[in-house]
Amino acid sequence: MKFKIEKRENFTLVILPEKLDLNVSTSLKEECIIIHNIGAENLIFDLSATRYADSSGIYAMAQIQKLFSITNGICVIIGFQEQIKKLFLLSGLDKKFKFSDNLDQAADIILDFTIEKEDSN
């Protein structure tokens with residue numbers, strides 16, 4: 001499996017494969033740019049099946065997060081393994097993403113973010 005994208009009401013769910021490497025990162029970035037350009041505002045990355053990530057995979061996620069943040073969106077990560085979490089901590093990306101234990105909590109984070117964004121306008 002490369003990755004799977006599911007459109008939900010307030011977010012798009014991106015289910016990542018066991019390996020997040022160069023073979024996946026380029027198409028992941030391209031697909032996320034497309035869904036962003038057609039109006040998606042918020043992403044949830046599900047890394048529960050991901051056991052390995054290299055620098056190209058982490059970099060692609062960072063670029064996607066930056067794109068969505070420019071347009072006042074948010075990216076939440078669920079299901080990450082400890083070794084992958086360490087990569088985010090070492091790279092400082094833990095400050096750019098929100099992290100959640102499960103999909104329901106991630107959806108709540110996005111809902112709260114959306115309400116705060118609407119209240120500030």
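Trainee: How many helices and strands does the protein chain have?
Mentor: This is a predicted model: local features need pLDDT of at least 70, side-chain atom pairs count only at pLDDT 80 or more, and totals for chains, interfaces and linings use all residues. Numbering starts from 1 along each chain as its sequence is written, and side-chain values use heavy atoms, leaving out hydrogens and water. Helices (H or I, at least four residues) and strands (E, at least two) are DSSP runs, numbered from the N terminus. For the protein chain these come to four helices and seven strands.

Trainee: What radius of gyration does the protein chain have?
Mentor: The radius is taken over C-alpha atoms, and the globule rule is 2.2 Å times the number of residues to the power 0.38. For 121 residues, a compact globule would come near 14 Å. The protein chain agrees with that, at 13 Å.

Trainee: What share of the residues is buried?
Mentor: Buried means under 20% relative accessible area, exposed over 50%, and partly exposed in between (1.4 Å probe, protein chains only). The protein chain has 121 residues, and the buried share is 43%.

Trainee: Among contacts between residues at least 6 apart in sequence, what share joins residues at least 24 apart?
Mentor: Contact means heavy atoms within 4.5 Å. Take the contacts in the protein chain between residues at least 6 apart; the share joining residues at least 24 apart is 70%.

Trainee: How do β1 and β2 run, parallel or antiparallel?
Mentor: Two strands pair if DSSP finds at least two bridges between them. Strand β1 covers residues 4-7 and strand β2 residues 12-15, with four bridges joining them. Together they form a hairpin with four residues between them. Glu6 stands opposite Leu13, Lys7 stands opposite Thr12, and the two strands run antiparallel.

Trainee: Which residue in β4 stands opposite Leu13?
Mentor: β2 is also joined to strand β4 (residues 42-46), by four bridges. Those two strands run parallel. Opposite Leu13 stands Ile44.

Trainee: Which residues of β2 are buried on its two faces?
Mentor: In a regular strand, side chains alternate between the two faces of the sheet. Both faces of β2 are covered. The buried residues are Thr12 and Val14 on one side, and on the other Leu13 and Ile15.

Trainee: Is Ile58 buried or exposed?
Mentor: Ile58 lies in helix α2 (residues 55-70). Leaving aside neighbours within four places in sequence, Ile58 is in contact with Ala53, Leu87, Phe88 and Leu93. Its relative accessible area is 8%, so Ile58 is buried.

Trainee: What phi does Asn72 have?
Mentor: Asn72 lies in the loop between α2 and β6 (74-78). With a relative accessible area of 48%, Asn72 is partly exposed. Most residues other than glycine have a negative phi. Asn72 is not a glycine, yet its phi is positive, at about 60°.

Trainee: Which residues does Phe99 touch, not counting those up to four places away in sequence?
Mentor: Phe99 is found in strand β7 (residues 98-100). Its relative accessibility is 26%, so Phe99 counts as partly exposed. The residues touched by Phe99 are Val76, Ile77, Phe80, Phe88, Asp94 and Ile109.
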